[in-house]
Amino acid sequence: GKILCGLSWKSANKDIGLSKSLNLIELAPLLLIENIEFVSLQYGSTKDEIEYIKKSIGINIHTIDELDIYNDIDGLLSLISDCDFVITTSNITAHLTGSLGKKGMVLLPFSKGKIWYWHSGEGQSTWYPSLQLASQTQMNDWTYPIQKCKDWILEQI
């Protein structure tokens, strides 16, 4: 009876990836919302962050160890399809979620790393109508987009 939310929080872009990424613990206000199960859609090494979340706030983020999220796009698309909605930063997960028409929220940086196709970074995405956008109001501060995302999640459930 729980809602399944896919999560992705990093970008591997060599030039602007750090500006578009956050630490998983910063998503704690979202992770603590009741009646939601979370599944990682994040490529790369995430085991330590996921274990830290389990130890520090008691939330289990499910992983599908058999799925190579970085190289198996079909598998990632299937996993996204199984989610009720997706929370992500600006990375491939955002584009795949939007291309499937799956509901989602994209957390965007203030300036460096905000790419032109996200336009103002607020409201509904022009390219992917199923996605909502929330941008930082100042550099390196994820407080506003995370709060906006939390409000959006509470509307969904």
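Buried means under 20% relative accessible area, exposed over 50%, and partly exposed in between (1.4 Å probe, protein chains only). The model is predicted, so local features need pLDDT of at least 70 and side-chain atom pairs pLDDT 80 or more, while totals for chains, interfaces and linings use all residues. Residues are numbered from 1 along each chain as its sequence is written, and side-chain values use heavy atoms, leaving out hydrogens and water.

**Exercise 1.** Find the salt bridge partner of lysine 2 and describe the pair.

*Solution.* 
- Step 1: a salt bridge needs a side-chain nitrogen of Lys or Arg within 4 Å of a carboxyl oxygen of Asp or Glu.
- Step 2: for lysine 2 the partner is glutamate 37, with the closest N and O atoms 3.4 Å apart.
- Step 3: lysine 2 sits in the segment before β1 and glutamate 37 in strand β2, so the pair ties together parts 35 residues apart in sequence. (Strands are DSSP runs of E, at least two residues, and helices runs of H or I, at least four, numbered from the N terminus.)
- Step 4: lysine 2 is partly exposed at 47% relative accessibility, and glutamate 37 is partly exposed at 26%.

**Exercise 2.** Is serine 8 buried or exposed, and which side chain does its own side chain join in a polar contact?

*Solution.* 
- Step 1: serine 8 belongs to strand β1.
- Step 2: its relative accessibility is 2%, so serine 8 counts as buried.
- Step 3: a polar contact of 3.4 Å links its side chain to that of threonine 93. (Such a contact is a pair of N or O atoms within 3.5 Å; within protein, one must be able to donate a hydrogen and the other to accept it, and residues adjacent in sequence count only if both atoms are side-chain atoms.)
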